[in-house]
Every structure is written in structure tokens, then in C-alpha cells.
Amino acid sequence: MASGGSKSAAFMLLMLNLGLYFVVTVIASWAVNHGIERARESASVLSLPAKIFPIFFPVGNMATGFFVIFSLIAGVVGMATSLTGVMNVLQWDSPNLHSAAASSLISWALTLLAMGLACKEINIGWTEANLRTLEVMTIIVSATQLLCTGAIHVGVGETVAGERPHVGRV
């Protein structure tokens, strides 16, 4: 039988991640909307190479467009992973925990990609306060998602070890 420690830790981390991913999704959605509304007037005064840049945002720097798009994707996938992970962790059996572990790992990979772009945007510099908030939230949620993935994988190990038949030595 699995201990309750990793189950409660995984549940609490999933609930925390659900809230953090919601905030990331809201801020990234605002940035996409703001970029769509203001890109035409801002891009019209740029020189030719920057004017044809596929993802241009009137706020931030040249890494902002990629960062916002990947943060939005990571936020939506992270929210879906957290919601399904809560249901899987509450059932706490081997198939459900394997499903939660796989989706948690995918969500963490997408969040790390967004975190890398956040670090690049911080390195380039000159961003607004809303984008700095999104950068910080993305970095924080990448760490909490790592902890959550670890807690779920500990639960997988516990349930798999509990299901193995004990065979005596010959």
C-alpha cells in the first residue's frame, strides 16, 4: 500500500500549479490580445526586416513574441494537466498515476521551454511590468511543476512496488 505522504504532496502541488498556470494563462492571453491590437500601428514605423518578423509584439523586445506564445501554450497545457492530474491522483492506482506522470512530464517540458525564453527575454532586457510578472511566474511554475512531477513519480514507484508479487529465492 502506498503511503499518504506522496499522495497529499502531489495533490497540493497540483492545486498550486493549477492556480499558477491560470495566472500564466491570463497574463499571456492579455499580452497576445495587446499585441494583436497594437501591432499594426507599431510595426508600420519599423524598418523592413523587423516589419516582416512573424511574431512582433509592440511591448518588450524581440524575444517577447516567442515567449508569450510558448507561455500561453504551457499555461493551457499545464492547466489541463493539473485538472486531469488531480482526478488521477485522487484515484491513486497504477494506470491513473502513470497517466498523470506522463502528462506531468510533458507539461514540465513545455514549461521549461517557456522558462528558457523568459530567461532570454530577461537577458535582452527592457520589458514592461506585466511581462516581468509573466517571466517570474513562468520561472516559479517550472520549479513547482518539477516538484509535482517528482511527487507523482514517487507515487508511481510506490504503487508499482506494492503490486509486484514476492517470489522466493530458489
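1. Helix H3 (residues 64-91) packs against helix H4 (residues 94-124) at an angle of about 160°, and their axes lie 8 Å apart; axes here are lines fitted to C-alpha atoms, for helices over the stretch in contact, and angles run from 0 to 180 degrees between N-to-C directions. H3 and H4 are therefore roughly antiparallel to each other, a label given to angles over 145 degrees. H3 passes H4 in a left-handed crossing, that is, the near helix is turned anticlockwise from the far one by less than a right angle. The residues of this contact comprise 14 nonpolar, 13 polar and 1 charged, where Ala, Val, Leu, Ile, Met, Phe, Trp, Tyr, Cys and Pro count as nonpolar, Asp, Glu, Lys and Arg as charged, and the others, Gly among them, as polar.

2. This is a predicted model, in which local features need pLDDT of at least 70 and side-chain atom pairs count only at pLDDT 80 or more, whereas totals for chains, interfaces and linings use all residues. Residues are numbered from 1 along each chain as its sequence is written, and side-chain values use heavy atoms, with hydrogens and water left out.

3. The protein chain has 5 helices and 0 strands, and its pattern along the sequence reads α-α-α-α-α; helices (H or I, at least four residues) and strands (E, at least two) are DSSP runs, numbered from the N terminus. Of the 170 residues in the protein chain, 42% are buried, meaning under 20% relative accessible area with a 1.4 Å probe, protein chains only. Among contacts (heavy atoms within 4.5 Å) between residues at least 6 apart in sequence, 81% join residues at least 24 apart.

4. The largest nonpolar core has 16 residues, and those with the most contacts inside it are Phe-67, Val-68, Leu-131 and Leu-134; such a core is a set of buried Ala, Val, Leu, Ile, Met, Phe, Trp, Tyr and Cys residues joined through side-chain atoms within 4.5 Å. Helix H1 (4-43), H3, H4 and helix H5 (129-163) each supply at least two residues of this core, with H1 giving the most, 7 residues. Apart from this core lies another, of 13 residues, among them Ala-10, Ala-100, Cys-148 and Ala-151.

5. Leaving aside residues up to four places away in sequence, Leu-134 touches Val-24, Ile-27, Ala-28, Phe-67, Val-68 and Ser-71. Ala-28, in helix H1, is buried, with a relative accessible area of 0%, and with the sequence neighbours up to four places away again left out, Ala-28 touches Val-68, Ser-71, Leu-72 and Leu-134. Although 44 residues separate Ala-28 and Leu-72 in sequence, they are 5.3 Å apart in space, C-alpha to C-alpha.

6. Thr-138 lies in helix H5 and is buried, with a relative accessible area of 2%. Not counting residues up to four places away in sequence, Thr-138 touches Val-24, Phe-67, Ser-71, Thr-111, Ala-114 and Met-115.

7. Two loop residues also deserve a look. Trp-92, in the loop between H3 and H4, counts as buried at 13% relative accessibility, and its phi is near 50°, a positive value in a residue other than glycine. Val-59, in the loop between helix H2 (48-51) and H3, is buried, with a relative accessible area of 2%, and touches His-34, Arg-38, Thr-64, Glu-128 and Leu-131, not counting residues up to four places away in sequence. The C-alpha atoms of Val-59 and Trp-126, 67 residues apart along the chain, are separated by 9.1 Å.

Terms used:
Parallel < 35°, antiparallel > 145°, perpendicular 65-115°, else oblique. Buried < 20%, exposed > 50% of the residue type's maximum accessible area, 1.4 Å probe, protein only.
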